[in-house]
Amino acid sequence: MRTDKIGYGCCTIAAVGFFHVGLILLAAYLCLFRVEFMNRMCDKYQVPSRLEISREDLHRVTGEMMAFVKGQEGDLDVTVTLGGDARVFFNERDRQHLEDIAGMVRSGKRFLVLGGLCFLGLLLFMAHKGMLEWLCRGYLFSWLFLLGLFLIVGIWMLADLTGFINAFHRLFFNNDRWILNPAKDMLIRLFPRALFRDGAVLLASVLGGIHVTVTVLAVWGRGRLLQEPGPGTSRTGRGRTRSL
């Protein structure tokens, strides 16, 4: 019985982990890696006027950039007018970092596929074994971890946004090509620091809405599942269960 509970617990932790990581990656890809989001942030923080570039040229740059990092036919040799002079927007250093970002996006997509298959397999296995109540309970307990994580990240970003951005890049990139010089590299000037804050707020809002919905479903589902005998339980009077 103890061995079974350990197995149920490991399956629950793995399934909940795949769900959370996959959801974060999917939400980030759909919300943040969109040219509409990038253009809206550039307009909000007056990037065209700061770079002395037309809004149309800037939107061409962001369109090609987003297409490239998402693995589509993006052209990083886009030519624009900056300060009255025609030039290629991205230099070699910019391209190198964008290649790293594109690699990160490819890795995220691979995890989404493999993690999604693993989660689906665990879900089917747990449903077959009558362990869905464990899954619901594990998800609800995982909220403690999520709240703690969101609190830490939120306080960190409010206290030291630059430090958070640097730590983020060190975590996801194993080289220093993300360290750009605003005097020479245009890519960093496309991303005001406040854009990272706005992106985090958007991502947290989307994830919060999804998790509230899933939490309601998990509470409802667990209540229903407790009416049925599961692993190590038996029906005792008016739908309650007790351990065997």
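Ser 142 sits in helix 6 (residues 132-159); helices (H or I, at least four residues) and strands (E, at least two) are DSSP runs, numbered from the N terminus. Ser 142 counts as buried because its relative accessibility is 11%, where buried means under 20% relative accessible area, exposed over 50% and partly exposed in between (1.4 Å probe, protein chains only).

## About the model

This is a predicted model, in which local features need pLDDT of at least 70 and side-chain atom pairs count only at pLDDT 80 or more, while totals for chains, interfaces and linings use all residues. Residues are numbered from 1 along each chain as its sequence is written, and side-chain values use heavy atoms, leaving out hydrogens and water.

## Tyr 29 on helix 1

Now to Tyr 29, found in helix 1 (residues 2-32) and partly exposed, with a relative accessible area of 22%. A polar contact of 3.4 Å joins its side chain to that of Lys 109. Setting aside neighbours within four places in sequence, Tyr 29 is in contact (heavy atoms within 4.5 Å) with Arg 34, Lys 70, Val 105 and Lys 109.

In soluble globular proteins, nonpolar side chains tend to be buried together. A nonpolar core is a set of buried Ala, Val, Leu, Ile, Met, Phe, Trp, Tyr and Cys residues joined through side-chain atoms within 4.5 Å. The largest one here has 31 residues, and those with the most contacts inside it are Leu 51, Met 65, Phe 89, Phe 90, Leu 98 and Leu 190. Helix 4 gives the most to this core, with 5 residues.

Leu 51 is in contact with residues including Leu 58, Phe 89 and Leu 190, leaving aside neighbours within four places in sequence.

## Val 113 at the surface

Val 113 lies in helix 5 (residues 92-128) and is exposed, with a relative accessible area of 52%.

Key. A polar contact is a pair of N or O atoms within 3.5 Å; within protein, one must be able to donate a hydrogen and the other to accept it, and residues adjacent in sequence count only if both atoms are side-chain atoms.
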